[in-house]
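Reader: I am new to this structure. Could you show me how to read it, one feature at a time?

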Amino acid sequence: MPLLRAMTDAPLDMIGVFQADGDSMEPTINNRDWVVVDRRRIQIANPGIYALVHEGEGLLKRAQRHLESGTVTLTSDNPIYGPQIIKKPERLNVVGRVFLSLRRH
């Protein structure tokens, strides 16, 4: 618990823990790593890594909102995946912002 308190002031019921599935965020987040998400952060205000649902698919991506165009760009850290432009961000459900990732060694 002290680790979480050092990382966030979010109440425990607003913290989500999810396991990454896939390599799109490597090397930052590897397949099967755990991510800890602040579920209060459901607005893409600043660029960061977010847990998202788009058309029924769970995603971990860097997200950036573009005020001028109203679009959202989703970017993977793995260069083999190109950016996705979400033209209808109302179809994008932001679960929360990732603030910690954990890897078993």
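**Reading the features in turn**

Author: Start with a proline. P27 sits in the loop between β1 and β2. Keep in mind that this is a predicted model.

Reader: Which form does the peptide bond from E26 to P27 take, cis or trans?

Author: The bond from E26 to P27 is cis. Its omega is near 10°.

Reader: What else can I look up in the loop between β1 and β2?

Author: Look at R32, which lies in that loop too. R32 is not a glycine, yet its phi is positive, about 75°. Its relative accessibility is 54%, so R32 counts as exposed.

Reader: Now salt bridges. What is the general idea?

Author: Side chains of opposite charge can pair when their charged atoms come close. In this structure the count comes to five salt bridges.

Reader: Which residue does D9 meet in a salt bridge?

Author: D9 meets R40, at 2.8 Å from N to O. This pair links distant parts of the chain. D9 is in the loop between α1 (2-7) and β1, while R40 is in the loop between β2 and β3. They are 31 residues apart.

Reader: Why does D9 count as exposed?

Author: Exposed means over 50% relative accessible area, and D9 has 57% relative accessibility, so D9 counts as exposed.

Reader: Is D38 buried or exposed?

Author: D38 is buried, because its relative accessibility is 4% and buried means under 20%. D38 is found in strand β2, residues 34-38. Its side chain meets that of R41 in a salt bridge of 3.5 Å, N to O. R41 is partly exposed, with a relative accessible area of 42%.

Reader: What does R62 pair with?

Author: The side chains of R62 and D77 meet in a salt bridge, 2.6 Å from N to O. R62 is in strand β4, and D77 is in the loop between β5 (71-75) and β6 (84-86). The two are 15 residues apart, and the pair links distant parts of the chain. R62 is partly exposed, with a relative accessible area of 34%.

Reader: Which residues are joined into one network?

Author: D9, D38, R40 and R41 are joined by salt bridges that share partners.

Reader: Which strand gives the largest share of the lining?

Author: Strand β4 does, with five residues. β1, β3 (48-54) and β4 (57-66) each supply at least two. By class, the lining has 11 nonpolar, six polar and four charged residues.

Reader: How far is L60 from D38?

Author: They are 22 residues apart in sequence. In space, C-alpha to C-alpha, D38 and L60 are 13 Å apart.

Reader: Last, the surface. Which residues form a nonpolar patch?

Author: V17, W34 and L102 form it. Together they have about 280 Å² of accessible area. V17 has its place in strand β1, residues 15-19.

How values were computed
Residues are numbered from 1 along each chain as its sequence is written. This is a predicted model: local features need pLDDT of at least 70, side-chain atom pairs count only at pLDDT 80 or more; totals for chains, interfaces and linings use all residues. Side-chain values use heavy atoms; hydrogens and water are left out. Patches are made of residues with over 30% relative accessible area and no salt bridge: like charges are joined within 9 Å, nonpolar side chains (Val, Leu, Ile, Met, Phe, Trp, Tyr) within 5 Å. Accessible areas come from the Shrake-Rupley method with a 1.4 Å probe; for residues, only the protein chains shown count as cover. A salt bridge is a side-chain nitrogen of Lys or Arg within 4 Å of a carboxyl oxygen of Asp or Glu. Helices (H or I, at least four residues) and strands (E, at least two) are DSSP runs, numbered from the N terminus. Ala, Val, Leu, Ile, Met, Phe, Trp, Tyr, Cys and Pro count as nonpolar, Asp, Glu, Lys and Arg as charged, and the others, Gly among them, as polar. Buried means under 20% relative accessible area, exposed over 50%, partly exposed in between (1.4 Å probe, protein chains only).
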